[in-house]
Each structure stands twice: as structure tokens, then as C-alpha cells.
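Open the model in a viewer and keep the selection panel at hand. The stops below go from one selection to the next.

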Amino acid sequence: MKSRLAHLPETAQQQLEVAALLGDGSTLAMLRNVSGRSLEEINQDLDQLANADVLHLLKDGTHFKHDLIREVILEHIRPARKQILHLRAARALKPNQAGIHALASVNAWEESDTPKMLLSFLETGKQHSIRGDLPAALEWFAHADKNSRNANERLQALTERASALERYGRHEAALDTLSRVAILEGSVTDPVLRSGAWLAKANLLALKMHRLEEAQILVTQAFTTLEGLSYSAAQLARSDALNIQGTIYRLEKKYPEAATAFEDSLAIRQALEEDVKAATTMMNLAMTYTQVDDPRTEEKFLEALSILTRLGDENGIARIQNNLGMYYTRQARFEEALKAYQETLALSQILLDPWAEARAYQNIGATYFYCSEFDLAQRNYRLALEKANSFRDFENQLLALLNLLEVSQILKSDSTDWLAQIKPFAANNSFSAYHTEINNYLSQQGVIS
């Protein structure tokens, strides 16, 4: 293959190396920025490469005739030149395109390169998180953490890591990461970064652990810190604070206040064209509307679902389908609820998200329960318990056991085993402090006095 290309002018061979490094779909602007050559020179090189039937410029950018050609070219680029080309690419491309090039050129960075390179690691990590690959996302956040130079940069990397873990139901790991964030807070000068760390923890405390007072303190701190700041990053952080404030109000059953907070958050996110965040707020708003039978509920769910489907955010789609199922259940539209929950289950299995998978089984079981199909309900509750046991998901374990206890009493089957398994959970004071209603239920069942 190398001998086949040897007759080409040196400039064309160099352009081929740049195209190989960037991959199919490289535009003229990308080739110019990385190669440093003029558009006229690049066009001449591309004509020669096209005549040699190795590389063609199509409407969406360059494309190699065969993948093998690109592999051979990459293999024969001198290591020093390859690192230089990667550095040029990392400097030239947008952060969400530059991650792999930034990583490949890490030893060639200059001091001034570091902020953009770290941003490219974070953006690449967030892309993997959206696409359902949590391990890859965590790896990119680790690259950002490792190469951070100060507390501000390290805090940003850890906060993004915690948010990804929370998104995939890894709540204890997220809290552990946020405890490392707390150590850095005193050294962090950027008000947006400090607020972001507080809000990440507040969201976890409120939504997953029901520690609303602690969450509210953190949200109030964020509002105070962001007061008077009008630049985009501060406005986006304010939208995050409003979103979590809405969540706290919703959990406190203050639905009008929750709706106002979510609507204010949504307006900011839409103005800043933050589509993923806007879709999340739409979902939260729809969940609030559900509680007051607002006719706009389904419309908001479907609008958010449409956005995330367009973006390919499978994790977000799974969450919306789950909450859409809850809405359909409330409307006694059980067939539609089952379909939504089954979509959630399928996606959670693809995404390897055991927390979401366990919760999907719970909701499928509950839907069958409402339809008086108690054998099917029991079967799905057992699957939920099995999945929750596999990764020690405390909340889903207890919820599945309570559901199995209830359905066994209806079926008049022996419930001794379920009661015995529930008792150790009743002794966990931290859990009962967050879930007094469940604790009361255990008391009514005679599990605790």
C-alpha cells in the first residue's frame, strides 16, 4: 500500500496523513487548520489523491476508498509528526470534537493549551454519558482530573463525574465523589464552579435521598453566589438552581411553586439553546403538571422525548419513558403505561443501568397490579428484587420486598420470607428518616413497633 502511494507528491502524502488522522467527514476548513496549507493547495492535493483513487471529497467531507488505506497511513506516520498533528487538530476543532486529539497530544501541550484541552475531555465525557456509555464517560472525566492544574479545574472534573454517576443511579459513588469536591471548595474562586458543585449535591440529596432541608441550604447558597452575575455560564447555573428548587418544591407537594421554578429554568435553558437541560426541565415540569392534572402534561413529556430522540440521548429517553408511564398509570391508561415502561426496561438493559432496570421492573409489576394481574405483578417484582440484589441497591431492594409482601397477601400465599427479609431494612435509621411513609407501613405490618 505504501509503495502504491509513493509516486504522489510529498504535499499530497502529507495531506493524506492529515485526512487519516481526522478521519472520514473531514471538511476543507478542518484540513486547512490542521495542515496549515491554503485552500488552493489543499484542493490540488485532493485532486491528486482522488486521481489515485484513495481519498475523495464528498458533500459531507473527505472519505477514504477503503478503511485499510487509512489504517496503513496512520501506522506509518512518524510518532513525533503524529503528535504534532494531533495537537494542531485539538487546537483547531471545537471542544466536543477535540477530545481524542487532546489526549493523543497531552505531552506536547503548552501551558496556554490546557484550558481548552481539559474542556474537550469534559465535553467528550458528557457525550459518552448522553450516549449511554458510563465507563467511557468516567474515563474522560478521569483524564480531565489527572491533567488539572488547580482547584477550579479539578472541581469541574469531579462535579461532572458525580453528575454522570447520579444520572446512572450510582448514588453512593456520586456522593463519594462529591465528598472529594467539598474538600476543594475553599480553594475554588470561580462562583459558577462553586455553585455547580453545591447544586450537584443538592440534586442528589433532594431527588434520590429526600434530604430536602440540606438540599435547600445548598440551593440558597447557589442563588446567593450567582446573584448579579449575567454572563451565560452564570445564567445556566441559575437555571440549574431553579430546576433543583422546583424539584424540592415538588417533593414538598408545593406544586404551583414548583411549576413556576421549572418554567423559569426552562426559559433560561431554551434561550441558551441548552437542549438536553431544557428537555430535563420539560420532563420535571410535566411531572409537576401530572400532580395537578394539568392538560399540558402529555404535551410536555412528548416534547422532551422528541428533543432527546433527536439528540440520541438514550439515558434521557429511558427516564422520560419511565415518567411518561407513571403519567399514563395515573390516567388509568395501563396499556400505554406498560409500553412506556417496557421501552425504559429495554433501554436500561442496553445501557447496562441496573438501577433503572430494577425500577422498570417495579413499575411494570405495579401496572399489572393495578390491572389485577397479580401473578404477572409478582413475577416482575421478583425480577426487580433480583436485579436490585445484584448490585445492592438499597432503595429498590426494599421497594421490591414491600411490593412482594403486598401481592403475596392478596394472593394469600406465605409472606413469612418477605417479612424476614424486610426486618433488617427497618433497622436502618438513615433510610427510615428519609422515608417515613414506608416506615409507617412497616409498623402497620407489624415488622417494627
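The expected span of a helix is 1.5 Å times one less than its number of residues. The model on screen is predicted.

Begin by selecting residues 354-370, which form helix H20. Its 17 residues reach 24 Å from the first C-alpha to the last, close to the 24 Å expected at 1.5 Å a residue. Now show the surroundings of H20: is this helix largely enclosed or largely open? H20 is largely enclosed by the rest of the structure, because 16 of its 17 residues are buried, buried being under 20% relative accessible area.

Step past the end of H20 to Ser-372, where phi is positive, near 65°. Most residues other than glycine have a negative phi.

Two other residues with positive phi come next. Select Ala-332, which is not a glycine and has a phi of about 60°. Ala-332 sits in the loop that links helix H18 (314-330) to helix H19 (334-350).

Then go to Asp-53, also not a glycine, with phi near 60°. Asp-53 belongs to the loop between helix H4 (39-51) and strand E1. The relative accessible area of Asp-53 is 31%, so this residue counts as partly exposed.

Asp-60 is partly exposed because its relative accessibility is 48%.

Terms used: Residues are numbered from 1 along each chain as its sequence is written. This is a predicted model: local features need pLDDT of at least 70, side-chain atom pairs count only at pLDDT 80 or more; totals for chains, interfaces and linings use all residues. Side-chain values use heavy atoms; hydrogens and water are left out. Buried means under 20% relative accessible area, exposed over 50%, partly exposed in between (1.4 Å probe, protein chains only). Helices (H or I, at least four residues) and strands (E, at least two) are DSSP runs, numbered from the N terminus.
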